[in-house]
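These notebook entries record what I looked up in one structure.

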Amino acid sequence: MDFALTDDQKALAAAAADFARAELAEHAADWDARSHFPVDVIRRAGEAGFLGIYTPEAQGGLGLPRLEASLIFEQLAQGCIATTAYLTIHNMVTWMVASWGDEALRERYVPAMIAGEALGSYCLTEPGAGSDAASLKTRAVREGDEYVISGSKMFISGAGATDVLVVMARTGAPDSGAAGISAILVPADAAGVEVGKKEEKMGWKSQPTCLISFDGVRVPVGNRLGEEGEGFRFAMKGLDGGRLNIASCSLGAAQQALTLARDYMAERKQFGRELSSFQALQFKLADMASELTAARLMVRHAAWRLDQGDPEAPAHCAMAKRFATDMGFNVCNEALQLHGGYGYIREYPLERLVRDTRVHQILEGTNEIMRLIVARRLLADGVIESLQ
């Protein structure tokens, strides 16, 4: 059992760290303050190869395993969590189109998406369908060679600034559940697509989040990914990787917070001594580092299982997502506490790290749903024994 990264993995992580320092870190606070979506920087991420990380090489992507993707996203998140989180979403959308679109659809969209010329949004959540995604009501009715789509999607990252929407819509009967859902690519500028107001969010301010309405939107049947009724399966496959992606963003945030806390403890003095000389604060730093290390191992192990096609990978992705996102928020919050009043003001990055990591415990499936996924697997014969 070898936990060491290969030279290629180290090089990928280093390249991502360089991009984060050069393109993200210096601007993250300003983007947050202005709620600015840095499309130009996202396109430069495409030039660096970060918009097709696990899109197959045959389609022009890097074709990297999920473990390598996790390494990249962890480093990018140390530059800007919110922008990196959008990059993870775009990567998922690109991968879905490249994996399940037909040849014509792939040729039309995937090269532009990998280059950053066309940005993607993922449309699953609805005003009345969050954790219970299989109950979604957006309809896609086939009329000849077209689908007519009506309904609405909520909390869509990048909405209003993106070009490609992968929409989960019901093509089956109203009571068809997960089996009646299909995945359909909808151009964002199609007639009948309307983007609502930007949500005023606690964090993730450097990416727009909006409701999208579909009013009789017509798209060719050829825009469907896979066959009718396969959409929910694609969504769940996407979420396995998406959970690792957002967990990796939490790792990057926690790493940044830990580094800031250590540096602040070394320079800040109280009662005539550096904070780093107080044993109680040393213990706090040790706990933060221990939790981060444990989470990183869980995420990388889950990514390895997903890369191996392990049937238990979804449960491990859920465990890793739950643990890493809880840990990420806690470490950032503890680092803010160590900074005292300075941590609470915007001159220091800790308050932004806390705000940006909080949503990680909600999206890609709430952490309560992660517990449900894991518990259901644990109740199956032999699964607990297989954890050894």
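Buried area is the accessible area, taken with a 1.4 Å probe, that two parts lose on being put together, summed over both. I kept this definition at hand for the first entries, and I noted that the model is predicted.

**Entry 1: the domains.** I found the protein divided into domain 1 (7-119), domain 2 (121-227) and domain 3 (232-386). To the contact between domain 1 and domain 2, domain 1 gives 26 residues and domain 2 gives 22 residues. I also looked up the C-alpha centres of domain 1 and domain 2, which lie 22 Å apart.

**Entry 2: the interface.** Domain 1 and domain 2 bury about 2,000 Å² between them, and 68% of this is on carbon and sulfur atoms. I then looked for charged and polar pairs between domain 1 and domain 2: the count of salt bridges is 0, while 6 residue pairs are in polar contact. On the side of domain 1 that touches domain 2, helix 2 (28-34), helix 5 (81-100) and helix 6 (103-115) each give two or more residues. Helix 5 gives the most to that side, with 11 residues.

**Entry 3: strand 4.** I next asked how many residues of strand 4 (residues 164-170) are buried. The count is 7 of 7. Val-164, Val-166, Met-168 and Arg-170 lie on one side, with Leu-165, Val-167 and Ala-169 on the other.

**Entry 4: its partners.** Strand 1 (residues 120-123) runs parallel to strand 4, joined by 4 bridges; Tyr-122 has Val-166 as its bridge partner. Strand 5 (residues 181-187) pairs with strand 4 in the antiparallel sense over 7 bridges, and there Pro-187 is the partner of Val-164.

Key
Residues numbered from 1 in each chain as written. Predicted model: local features only at pLDDT ≥ 70, side-chain atom pairs only at ≥ 80, totals over all residues. Heavy atoms only, no water. Buried < 20%, exposed > 50% of the residue type's maximum accessible area, 1.4 Å probe, protein only. Pairing = 2+ DSSP bridges. Domains from an automatic or database assignment. Contact = heavy atoms within 4.5 Å. Salt bridge = Lys/Arg side-chain N within 4 Å of Asp/Glu carboxyl O. Polar contact = N/O pair within 3.5 Å; in protein donor to acceptor, adjacent residues only side chain to side chain.
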